[in-house]
Amino acid sequence: MAPESQSRRKNICVYCGSSYVNEKFVAIAAELGTAIAKRNAKLIHGGGKAGLMGKIVIAAHKAGGQSLGIVAPQSDAIKYDFEEERIQASGYNEKKDIMINESDAFITMPGGIGTLDELFDVWNKAKVNMHNKPIGILNIHKFYDHLIKWIDKAIEDGFIPESGKDCFTIADNVEDLLNSLYKRMETKS
């Protein structure tokens, strides 16, 4: 029998835009939600229904998956037409902490300021050893190319240690990213 850490369901947190966006990202969001469900993982998300976030959650449920929405008081906590587990956070910082604590790995899709805040928060907490969970960047349509260049420049100039990118997996498609994250989760358990 597999050890507990390998046999239990994985919780995958997705950070992404919750505003209406360019349609070229929508199909990939649905693909990600479906792929998470097909791996029998639970989707952890920020509780919204709009934008990429809504597309991922709906796709995961259509594929038979489960999700956990972490809702902050100031957000629009719109309920879905299906059963979903929810946790009400007292504020945005607590919301981010709950998302980190509930998750085994993190995926960042395209998004805005809130998405980058979540990515940098989870990255910084990994850097200071508050967790040892893999972080993935889904760089579809080269969305994060400039961010990746900035990270490389910050490493080159000494603002981020050489090991600063070790917790990252960067891929331009869903399957490669999930395969890499699962491999990293297996080695950490």
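Analyst: By class, 4 nonpolar, 5 polar and 4 charged residues line the second largest pocket. Ala, Val, Leu, Ile, Met, Phe, Trp, Tyr, Cys and Pro count as nonpolar, Asp, Glu, Lys and Arg as charged, and the others, Gly among them, as polar. This is a predicted model: local features need pLDDT of at least 70 and side-chain atom pairs count only at pLDDT 80 or more, while totals for chains, interfaces and linings use all residues. Residues are numbered from 1 along each chain as its sequence is written, and side-chain values use heavy atoms, with hydrogens and water left out.

User: What volume does the second largest pocket have, and which residues are the closest to its centre?

Analyst: Its volume is about 160 Å³. Of the 13 lining residues, Ala-126, Lys-127, Ser-163, Gly-164 and Cys-167 are the closest to the centre. On a 1 Å grid over the protein atoms alone, a pocket is an open set of points where a 1.4 Å probe fits, with protein on both sides within 12 Å along at least five of seven lines; lining residues have an atom within 4 Å of a point.

User: Why are β4 and β7 said to stand at the edges of the sheet?

Analyst: The 7 strands form an open sheet in the order β4-β3-β2-β1-β5-β6-β7, with parallel pairing. β4 (85-88) and β7 (168-171) each have a single partner strand, so one side of each is left without a neighbour in the sheet. Strands are DSSP runs (E, at least two residues), and helices are runs of H or I with at least four; two strands pair if DSSP finds at least two bridges between them.

Conventions
Grid points are joined across faces, edges and corners, and a volume is the space filled by probe spheres set on the points.
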